[in-house]
Amino acid sequence: MSFRLLLFSFLVLTQPLLLVSKYTEDQNTDRESLISFKNALKNPKVLSSWNISHHCSWAGVSCHLGRVVSLILSTRDLRGRLYPSLFSLSSLTILDLSYNLIAGEIPRQISSLKRLEHLSLGGNLLSGELPSELGELTLLQTLQLGPNSFTGKIPPEVGKLSRLNTLDLSSNGLSGLVPSQLSELKGLQFLDLGNNLLSGSPVNLFKLESLSSLDISNNSFSGPIPPEIGSLKNLSDLYIGINLFSGPLPPQIGDLSKLENFFAPSCSITGPFPREISNLKALSKLDLSYNPLKCSIPKSIGAMESLSILNLVYSELNGSIPAELGNCKNLKTLMLSFNSLSGVLPEELSMLPMLTFSADKNQLSGPLPHWLGRWNQVESLLLSNNRFSGKIPPGIGNCSALRVISLSSNLLSGEIPREICQAVDLMEIDLDVNFLTGGIEDVFLKCTNLSQLVLMNNQINGSIPEYLAELPLTVLDLDSNNFSGTIPVSLWNSMTLMEFSAANNFLKGSLPVEIGKAVQLERLVLSNNQLGGSIPKEIGNLTALSVLNLNSNLLEGTIPEELGHSAALTTLDLGNNQLSGSIPEKLADLVQLHCLVLSHNKLSGPIPSEPSLYFREASIPDSSFFQHLGVFDLSHNMLSGTIPEEMGNLMVVVDLLLNNNKLSGEIPGSLSRLTNLTTLDLSGNMLTGPIPPELGDSSKLQGLYLGNNQLSGNIPGRLGVLGNLVKLNLTGNQLCGPVPRSFGDLKELTHLDLSYNELDGELPSSLSGMLNLVGLYVQKNRLSGPADELSSISNAWKIETMNLSNNFFDGDLPRSFGNLSYLTYLDLHGNKLTGGIPLEFGNLVQLEYFDVSRNKISGQIPEKICSLVNLFYLNLAENSLEGPVPRSGVCLNLSKISLAGNKDLCGRITGLDCRIKSFDKSNFLNAWGLAGIAVGCMIVTLSIAFVLRKWILKDSRQGDPEEIEERKLNSFLDQNLYFLSSSSSRSKEPLRPDFKEVEGGNLVGWVFQKIKKGQAAAVLDPTVLSADSKQMMLQVLQIAAVCLSDNPANRPTMLKVLKFLKGIKDE
């Protein structure tokens, strides 16, 4: 008994000591864990306070009964990993290391923190997969792991965190389906899975009825929006945009009575809007932009009385803007840009407390309403790219809070109202591309806060006013108007102006030395004016200048070397002036220069050849106003010397244009190093030597122009590997040898010009692979071979122009040329082609020009060729063509020159009548047919005359004074009838063997020849011919000739013949 009592007393006395010992041991463990975490950091000094006093007083550390229960070290710039010692803090309930630079994976030992309620590791560099051990932290209420770089799937074990209130896995690289286990998180109120790679349907999430905020935006969720979404009755914020959702919004969306923010942009949601959407009485912000809604805005949207922001930009909307929107009394931001809305702006919108209204890029029309002035709170008014007409209403000046107004690209006319600057807060005015007129002498005088004024493409006239220099303008764009006079000198004193553009006006005067004071200027464009004088050297003071464009003026003198001090220049365009002298070497020191245009001047001397810095930077500062990347244009000057090898180092050059100068020497092979080169134009110089084969390495080359030089040697076959080449021009050189077979591999080539060289051999059949060829020019060479070989290169061509003239091609014209349905120009003259013109050429319905002169073409001219409706030029001279020239189409108006040298052609144009050469069956029948027509016409004429005679006899009386006339008519008819039918005629028989072909070849032709030669009387029978009858007989002969007119329309009717005969009788 005493022993038991003693033992009990010992236990009672030692228990506090054991507890104290355990307590002290746990405290020491927590301290050591914290120290270990600190020392594992790459920058432990950020926790320098963790060295003194008790650990519970350290920054970010909170304790309870000496144990660490909270560690909050967010935004401390911690660098390192999640050191395992942290997970020895067994009493920890809050761990917040968010927004630091902690990397690596989450260790599986995190499951040791059994008491953890809040875990925030977002805003770091953590990666790897989320550990399934997170599901063992069953007391967690907040799990915030985004943004980081986690990948893989969401672990299903997260569904075990039944106490979870907030789950944020946003902005990671999580993929796959949303695990169904997440639907077990019945207490979850905030869920953010946005900005991941999740896919499938989010239908399981719509079972979380406690949710008040759901963000699944910017993933790859697809399919229709599930109707189960209507069960989220507590939802106030819904973000589902930038997914692959399709189909219309489900009607159940109207069940979300607490919904305040609904953002669903950039999906494939279609219209129409469900009627139930009007039930969203609490909805404040609605964004359905960038969806193919393809419907009109429903009138029921006016029932959404809490709506303050409505964004329907790029939604393919049609119809008009409903007046019912005026019922949304809280609507402050209405964005309807980039749709197809039409009609006028409804006046009901005038009572809204509008702050931002954008409806640009629609089809709205009518005048700008005067009621816009009632929007006294509006800050931004964007109505550009519509069809508004009429004048700008002065009442816009009543929009006292207005800061930005854009009315560009409409049909507005008249003068700009001076009242516009009553809106004194205006900072940006954009009125470009309209029909505005008048001047701006004092229009913007009171816009004292104006920083951007864009008036380009109007019809504004007058001078540029001085007061603009006093405004805080950063952008002044007056392009394409009718401004005249000089540029105010005071404008160059502006300390704010960054962009000044006044191109395409009528400005005169010169650039003053004061231009050097505009030190903030980054973009200066004054092209297409009438500025004269020289470029002042003070322009070199503009060290911020990125773009200088003075193209198409009357500037003269030299290019100032001081331009080399404008180190920010990316674009320098001084083309189309009268500048002279040499190109300053210092321009080559402009490191950022990527566009140099000095063309169409009078520059002389060599191209700078010293080591250069320009055209080398692969990237350009974002702030630069860069234009025309990689253009190096020195064309149309008087530059001399050789092309420097140094040019092969200008790696950014895209278009190298040195044409039309006086450059000599060989083409440097170093140009092949220009890997971005798409256009190389060296034409119109005095370059010699061969074409460098290395040019075949310029894989991006699309245009190669080396024409009109003195290049010699063979064409390198390596040019055939330029797979992107579109145009190749080698005309006017001394190139020899064959056309490379490799050219058949130039699948993208549209124009090939090898003309005026000394090329020989045949055109390779491999050219048949150039299916995009539009123009082929090989004239003035020594190419040869049978024309039949050409047929193999014509199949499936889309060629429009083909010039093979002045070569030595022989053989027949290929019939397959008739399949070139796009052909408009075909020149084959000056070859040795034989055979006839194929009838298939009549299928070339687009043909406008056809020259086959100076060949050995034979046969007749096909009627189908002459009948081509678009053909306006046809030259068949110096061939062996024969037969009649068709009297149709272009052949009706051919000149003798175009048919000269074809001695066997006949017809009106040649001056030779066509005749029968032999009496084969067809010709015999033709001759007798013509004779039959003539005799038939004569018989008809005499029959009518006989009827006329009977009529005269019937009405005559004995002793009538007309009896004498009747006898004359009888005598006339009898004699002429005898002339036509007498078998005893002594005139030459027209079909006898001794009948001469030169006299017509048949009865009709013979008679027409005699009439044409003024020998008509020779065809009359002399046995009946007398002085009295001769005139009447010739008149009847003339009637017969008219009856046989070549043109049926010229042949008289029987009634007219009767009148003719009666006229002869009356005479």
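Is C906 buried or exposed? At 7% relative accessibility, C906 counts as buried. Buried here means under 20% relative accessible area, exposed means over 50%, and partly exposed lies in between, with a 1.4 Å probe and protein chains only. The model is predicted: local features need pLDDT of at least 70, side-chain atom pairs count only at pLDDT 80 or more, and totals for chains, interfaces and linings use all residues. Residues are numbered from 1 along each chain as its sequence is written, and side-chain values use heavy atoms, with hydrogens and water left out.

Start with the whole protein. Its secondary structure comes to 7 helices and 67 strands. Both are DSSP runs, numbered from the N terminus: helices are H or I with at least four residues, strands are E with at least two. Of the 1067 residues, 51% are buried. The accessible surface comes to about 46800 Å², and carbon and sulfur atoms hold 53% of that area. These areas come from the Shrake-Rupley method with a 1.4 Å probe; for residues, only the protein chains shown count as cover. Now take the contacts, meaning heavy atoms within 4.5 Å. Among contacts with a separation of 6 or more, 49% are between residues 24 or more positions apart.

Next comes a sheet. Two strands pair if DSSP finds at least two bridges between them.

Strand β7 (residues 125-129) runs parallel to strand β9 (residues 149-152), and 3 bridges join them. E129 stands opposite T151 in β9.

Turn to the disulfides. A disulfide is a pair of cysteine sulfur atoms within 2.5 Å. A search of the whole structure finds 4 of them. With bonded cysteines counted along the chain, the pattern is 1-2, 3-4, 5-6, 7-8.

C56 and C63 form one of these links, with their sulfur atoms 2.1 Å apart. The torsion about their S-S bond is about -95°, so this disulfide is left-handed. C56 is partly exposed, with a relative accessible area of 23%. C63 is partly exposed as well, at 27%.

The link of C866 and C891 has its sulfur atoms 1.8 Å apart. With -65° about the S-S bond, it is left-handed. C866 lies in helix α2 (residues 863-866), and C891 lies in the loop between β66 (880-884) and β67 (904-906), so the pair ties together parts that are 25 residues apart in sequence. C866 is buried, with a relative accessible area of 0%. C891 is buried too, at 1%.

Return to C906, the residue of the opening. C906 bonds to C914, and the sulfur atoms are 1.9 Å apart. This link is right-handed, with 105° about the S-S bond. C914 counts as partly exposed, at 36% relative accessibility.

C295 counts as buried, at 8%. C736 is partly exposed, with a relative accessible area of 29%.

S315 sits in the loop between β21 (309-311) and β22 (333-335). At 0% relative accessibility, S315 counts as buried. Leaving out residues up to four places away in sequence, S315 touches L288, S289, Y290, N291, P292, L293, K294, F338 and N339.

S853 also lies in a loop, the one between β63 (849-851) and β64 (856-859). S853 counts as buried, at 5% relative accessibility. What does S853 touch, not counting residues up to four places away in sequence? The residues are H829, G830, N875, L876, A877 and N879.
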